[in-house]
Each structure stands twice: as C-alpha cells, then as structure tokens.
Amino acid sequence: MMKLYLVEHFFSVQGEGRYMGSPSIFLRFGGCNLRCPGFGESWYKGKRILGCDTVRATNQKLFKDCWEEVADYKYLINIIENYLKNISYKPDIVLTGGEPMIYAQNQIFYEMIEWLVENDFRVTIETNSTIAPSFKEFQAYKNVTFAMAVKLSNSGEPKERRIVPDAINRLAKESKNSFFKFTLDQELINKDAQSQIEEICSGFSNEIYCMPLGDNISDLQSNALGVAEFCLKYGYNYSDRLHVRLWNREEKR
Ligand code: SF4
C-alpha cells in the first residue's frame, strides 16, 4: 500500500472558496501528481524552488522533517478530537495538500473519510481534480465536497496533465455540492482566462469561484481588483484569500 504522509495540521478559518470564513480543522497531506512550475519561485535554506504554492507538501526531500508517515486512521481522528476538546461546536474538516486524492484508495485515508462522514462533519477535499475515486466502490466520497481547483495555463503544466475530463466529470457530478475554484492573475485575465474556464466548466452546473494569485498580501492585492472585476463581468463568484489578508505568509493559517 502507498504510504500516507501528513505534513501539518492546524485550526483556522477557511480562507478560500464557498466556505471562506468557516472555522476549520485542516489536515495537509504530502505529495502531488503535478508540479506547477508556473507558480513562481521560493527560497528555502538558500535553495531556489520553482513552482507550486505549497512546496512543503510536495517536496519530501527538502521538507522531510515535517513529513510524517501515518500508520492508522485513528491517529488522524485523534488529532481532530484534540482540537475539538477546546471548542463547543463542530468545525469543518478540510483535507488539503499537495494533492490529497493521490491517496483516494489508501485504506487509512479512506477509513478517515468514512469516520468523518459517519460523524456528520462537513468535509471538503481541496483537489487539482486530476484524480477521482470510484464513487461506487468508495461510497463515503459521495458525502464529501470537492473544491475543484483545476489548474489553468498559468500553472505552467501542459494541458493534458492539468485537465482530466473524466476526473472532473465524476467529481463534479457524483459528489456533494462540489464547486470549481480557479486561481487568476492579471496576465491570464488579459489573455484568455474566461475561455479556459468556460472550456472546463461547460456542461456543469457547479458554482465557479475565482480567486487572485498570491501567497503574500502584496501579490494578492495586485491581483485582487482585476479578479473581482472579471467576476462581475462574467458572473463568477469572487473568492479572496482570507488567510493571506489576515496573516500574510504565516504558516499553519
Ligand atoms: S497542484 Fe497544487 S500542490 Fe500540486 S504542484 Fe500544483 S500547486 Fe502544488
């Protein structure tokens, strides 16, 4: 069985998409099937890293200290229950990465999904939508909301890697209340963002959210207004990146 890696967990407000502002427990899993070289560069211990906006969840070699192998789903439940001890309500559970759906068929990961669904949590999986589970075989996924962050050309990924029509179709139609979420910058808006989004979403009735590219306040601010105007023009929902507004680049937020 493929090893399951947890990179971090934290309790914060959801910063993006339909449930923006909702108190949420986040579990971030390690590994991704894409690289997204178009998403800029970052530096870590003097090394330049190209692409991806969550490198600690995709670069196991550099960030091995925070990649923890999970051997039992109860370990993950225990993490959640520890957060619950300090509050008197049920927050959302957000499973993110990296790309959590690389673990779609992992027994430990799926046992966690079943437990969450049985215990009536609102579960969102943030996914690049290139991998979909068999909803017939893994029925609990029908009660999960997928935030379908299909990558556009600004990710730098070739189209055939970032757009997998069968996976998008199954996630959009067979899960619960799933929605599209796109990351835009001004250059892409000026170019062909709208036609790329339409090509991906045509034929689906799922809500569409667009949010500005930027993992820091300055980049976010420079893209935000253009994305808001783009949303007004085409009837999409604007999503901010609330965690960046509130905490800038602080980790675990
Ligand atoms: S899909 Fe997301 S996690 Fe994967 S490489 Fe791209 S930005 Fe990083």
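Reply: Contact here means heavy atoms within 4.5 Å. The model is a predicted one. With that criterion, what covers the buried residues of H2 includes the strands E1 (4-13), E2 (23-29), E5 (68-70), E6 (92-96) and E7 (123-127), together with helix H1 (73-84).

Me: Which residues of H2 are called buried?

Reply: They are Ile-108, Phe-109, Tyr-110, Met-112, Ile-113, Trp-115, Leu-116 and Val-117. The term requires under 20% relative accessible area.

Me: How do you know what span to expect of H2, and what does the helix reach?

Reply: The expected span is 1.5 Å times one less than the number of residues. H2 (residues 107-118) has 12 residues, and its first and last C-alpha atoms are 16 Å apart, close to the 16 Å expected.

Me: What is found at the start of H2, and what just after the helix?

Reply: At the start, a side-chain oxygen of Asn-106 comes to within 2.9 Å of the backbone nitrogen of Ile-108. The cut-off for a polar contact is 3.5 Å. Just after H2, Asp-120 adopts a positive phi of about 60°.

Me: Why is Thr-145 called buried?

Reply: Buried means under 20% relative accessible area. Thr-145 has 3%, and is therefore buried. This residue belongs to strand E8 (residues 145-148). Not counting residues up to four places away in sequence, Thr-145 touches Arg-18, Tyr-19, Val-123, Thr-124, Ile-125, Lys-176, Asn-177, Ser-178 and Phe-179.

Me: Why does Leu-232 count as exposed?

Reply: The term exposed applies over 50% relative accessible area. Leu-232 has 74% relative accessibility, so it counts as exposed. Leu-232 is part of helix H7 (residues 217-234).

Me: Why is Asn-177 called partly exposed?

Reply: Buried is under 20% and exposed is over 50%, with partly exposed in between. The relative accessible area of Asn-177 is 48%, and therefore the residue is partly exposed. Asn-177 sits in the loop between helix H4 (165-174) and E9. Its phi is near 55°, a positive value in a residue other than glycine.

Me: Which class of accessibility does Ser-129 fall into, and why?

Reply: Ser-129 counts as buried because its relative accessibility is 0%, where the limit is under 20%. The residue lies in the loop between E7 and E8. Although not a glycine, Ser-129 has a positive phi of about 65°.

Me: Which residues does a cis peptide bond join?

Reply: The cis bond joins Gly-97 and Gly-98, with omega about 15°. Gly-98 is placed in the loop between E6 and H2.

Me: Why does Lys-181 count as buried?

Reply: The limit is under 20%. Lys-181 has 4% relative accessibility, and so it counts as buried. Lys-181 is in strand E9. Leaving aside neighbours within four places in sequence, its contacts are Glu-16, Gly-17, Glu-126, Met-148, Ala-149, Val-150, Tyr-209 and Met-211.

Me: What makes the pairing of Lys-181 with Glu-16 a polar contact?

Reply: A polar contact is a pair of N or O atoms within 3.5 Å, of which one must be able to donate a hydrogen and the other to accept it. The side chains of Lys-181 and Glu-16 make such a contact at 2.8 Å.

Me: Which residues line the second largest cavity, and how do they divide by class?

Reply: The lining consists of Gln-14, Glu-16, Gly-17, Tyr-19, Thr-124, Glu-126, Ala-147, Phe-179 and Lys-181. The classes are 3 nonpolar, 3 polar and 3 charged residues. E7 and strand E9 (179-184) each supply at least two residues of this lining, and the volume is about 30 Å³.

Definitions and conventions: Residues numbered from 1 in each chain as written. Predicted model: local features only at pLDDT ≥ 70, side-chain atom pairs only at ≥ 80, totals over all residues. Heavy atoms only, no water. Helix = DSSP H or I, 4+ residues; strand = E, 2+ residues; numbered from the N terminus. Buried < 20%, exposed > 50% of the residue type's maximum accessible area, 1.4 Å probe, protein only. 1 Å grid on protein atoms, 1.4 Å probe; cavity = no way out; pocket = protein on both sides within 12 Å on 5 of 7 lines; lining within 4 Å. Points joined across faces, edges and corners; volume = space filled by probe spheres on them. Nonpolar A, V, L, I, M, F, W, Y, C, P; charged D, E, K, R; others polar.
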